[in-house]
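Please look over the sequence and the model shown here. The paragraphs after it go through some local features one at a time.

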Amino acid sequence: MSDRTLRGKTAIVGVGETTYYKHGQSPDPEFVLVLKAILAACEDAGIDAKEIDGFASYSNDRNEPTRIAAALGINDLRYSNMNWGGGGGGVAAAVGNAAAAVAVGLADCVVAFRGLAQGQFQRFGKAPPVTAVSGDPAYMSPYGVMSPLQKYAMRAMRFMHENKVDHSVLRAISMASYTHAQNNPRAVMYGRPLSEEKYDDSRWIAEPCRLFDCCQENDGAAAVIIVSAEKAKDMKQKPAYILGAAQGSDHRCGAPVMNASNFPSSSFASLAPRLYEMAGVGPKDVDVVQSYENFTIGVMMAVVEHGFCEPEECNEFFQLENLTAPGGKMPLNTSGGNLAECYMHGLGLQIEAVRQIRGDSPNQVPGADVALSIAGPMVHHVSTDILGSEATL
Amino acid sequence: MSETYLPEGLPAPVPMNDGLDKPYWDALLDGKIMVQRCADCGTWQWGPEWICHNCNSFNMEWTEVTGEGTIYSWERPWHPVHGALKDHGPYIVVLVELPDAGNVRMIGNLLGDPAQEVTIGAKVKAVIERHDGDQPYALVQWQVAD
Ligand SMILES: [Zn+2]
């Protein structure tokens with residue numbers, strides 16, 4: 001059994017991001033954004049783009065590996081992988097799939113990437129322009145349940161009811177992102193801090209969520225490069241070793257019409273134990289957490305399901321001082337996250353986890369050796385991974 | 001006061017093109033609410049599926065339910081994400097468990113004042129809302145039971 005693990009076998013050695021634009025405002029087409037992010041990651045890793053021999057992505061990314069490989073002049077494309085499922089649930093799965101391919105020798109240098117230019121394509125937060133719906137949407141759209149938030153709000157409403165959770169929990173999660181963004185000049189919300197009053201005065205989008213509980217939508221692209229641990233040792237950057245990765249969801253999570261067995265959940269209940277087992281660490285060992293905030297409600301449940309507090313302890317645990325770097329118990333979304341840095345479908349959070357391991361974050365947690373990244377809480381196929389410094393091997 | 005809870009113009013439901021849920025939509029127009037029950041093991045199931053998730057039998061039967069339920073969760077959308085809801089204001093969506101059908105859950109709107117307080121655990125009763133037009137269909141809405 002001992003070799004059936006990803007622990008320490010691969011590392012992220014390069015990260016790349018384009019400029020992040022407000023949705024619809026990218027001057028470049030989506031494909032160009034993807035190429036720019038991949039080239040930036042190669043530059044960061046100190047490799048030629050022609051060394052890439054595999055691609056992994058998620059959420060039905062429109063930019064196919066064959067097209068990218070042809071454009072970059074890659075000699076031998078050895079691995080292509082798409083993680084099913086919409087939303088940002090596949091970020092850590094793409095990284096995990098890339099790592100698995102490298103670990104078993106299917107490929108040597110795999111890039112996990114995501115590109116989004118929503119001006120060129122449809123926005124997420126808007127109902128698609130259709131007059132008739134069938135399948136699951138037929139049981140939701142006619143009742144006004146169309147956007148991602150509308151589809152997931154009831155999971156959180158039930159969770160908050162069962163565990164007597166106050167809205168202050170959601171506010172603290174939102175404020176942690178905005179607080180960190182004030183130290184990150186790249187963040188879209190840099191220079192635009194959020195106060196408790198401003199949060200409380202903001203309009204409801206769908207109860208239990210206010211405006212500041214919801215992520216932005218941005219255009220841009222991001223990429224991370226994964227190679228074997230042996231190769232990583234001699235490369236330009238300090239490696240961020242992949243200690244563990246997990247993907248999926250628990251019993252009937254994707255059952256139609258909101259009939260998941262474990263409904264008041266962010267879908268991580270069965271993943272987190274698997275993740276920790278592979279990584280050989282527990283929540284107490286985690287120095288810093290990046291959790292995809294489509295909405296703060298998902299972060300709340302994901303943090304609970306990753307074992308940082310009991311469900312009934314949310315009100316005490318989710319205090320701004322616990323969630324901010326450098327001194328908080330569980331520094332959260334230290335770049336500003338999806339809410340305040342950029343919504344790059346979560347890959348930006350993975351890059352921030354790498355920065356923490358390298359010691360390069362704008363909100364560095366001193367001596368961060370173990371970084372957890374949680375992808376796409378509440379969607380029906382989620383993923384999560386843990387990166388570690390060399391000291392954790 | 002319109003006859004439907006939400007304004008006309010939202011996407012209309014049509015049966016799946018593989019025929020799976022046509023009996024549900026047809027029955028609603030006849031004033032009956034049906035969900036699936038496995039003829040082999042008795043498991044209740046919703047939404048519609050080809051196979052029983054418990055025993056993997058394909059022998060799913062459409063079974064009428066009483067329309068008595070309990071609010072399991074809810075939300076109140078304010079921000080309109082569809083043109084038909086522009087300037088409409090908030091509305092309530094409830095997720096209702098059916099205790100007499102294995103606690104399967106159905107989605108609907110909670111009729112009445114959109115500003116009303118919603119209580120998880122409250123008893124509700126189904127109300128069939130007809131949309132008569134070129135392609136008639138019906139929805140299941142919910143009303144707090146006395
Ligand atoms: Zn059965």
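Where does Pro208(A) lie? Pro208(A) sits in the loop between strand S7 (204-207) and strand S8 (209-210) of chain A; helices (H or I, at least four residues) and strands (E, at least two) are DSSP runs, numbered from the N terminus. This is a predicted model, in which local features need pLDDT of at least 70 and side-chain atom pairs count only at pLDDT 80 or more, while totals for chains, interfaces and linings use all residues. Residues are numbered from 1 along each chain as its sequence is written, chains are lettered from A and ligands numbered from 1 in the order in which they are written, and side-chain values use heavy atoms, with hydrogens and water left out.

The peptide bond that leads from Glu207(A) into Pro208(A) is cis, with omega near 20°. Another cis peptide bond links Ala325(A) to Pro326(A), where omega is about 0°. Pro326(A) is in the loop between helix H11 (320-323) and helix H12 (337-341) of chain A. Most residues other than glycine have a negative phi, and most peptide bonds are trans.

Two residues other than glycine have a positive phi: Met378(A), near 90°, and Asp87(B), near 65°. Met378(A) belongs to the loop between strand S12 (370-375) and strand S13 (382-388) of chain A. Asp87(B) belongs to the loop between strand S5 (68-77) and strand S6 (93-98) of chain B. Buried means under 20% relative accessible area, exposed over 50%, and partly exposed in between (1.4 Å probe, protein chains only). Met378(A), at 0%, is therefore buried, whereas Asp87(B), at 71%, is exposed.

Chain A also holds helix H5 (residues 167-181), whose 15 residues reach 22 Å from first C-alpha to last, close to the 21 Å expected at 1.5 Å a residue. That expected span is 1.5 Å times one less than the number of residues. H5(A) is mostly covered, as 12 of its 15 residues are buried; among them are Leu170(A), Arg171(A), Met175(A) and His180(A). Cys109(A), in strand S5 (residues 109-116) of chain A, is buried at 0% relative accessibility. Its C-alpha atom is 8.7 Å from that of Phe55(A), 54 residues away along the chain.

In chain B, which residues coordinate the zinc ion? The donors are the SG atoms of Cys38(B), Cys41(B), Cys52(B) and Cys55(B), at 2.3 to 2.4 Å. Donors are N, O and S atoms within 2.8 Å of the metal (3.2 Å for Na, K and Ca), and sites may look incomplete because water is not among the atoms. The angles among the 4 donor atoms run from 104 to 114°, and the site is tetrahedral, a term for four donors with all angles between 85 and 135 degrees. The spacing of the donor residues in sequence is C-x2-C-x10-C-x2-C. Cys38(B) lies in strand S2 (residues 34-38) of chain B and Cys52(B) in the loop between strand S3 (44-45) and strand S4 (60-64), so the pair ties together parts 14 residues apart in sequence. Cys38(B) is buried at 3% relative accessibility, and Cys52(B) is buried at 0%.

Conventions: Tetrahedral: all angles 85-135°; square planar, octahedral: opposite > 155°, others 65-115°.
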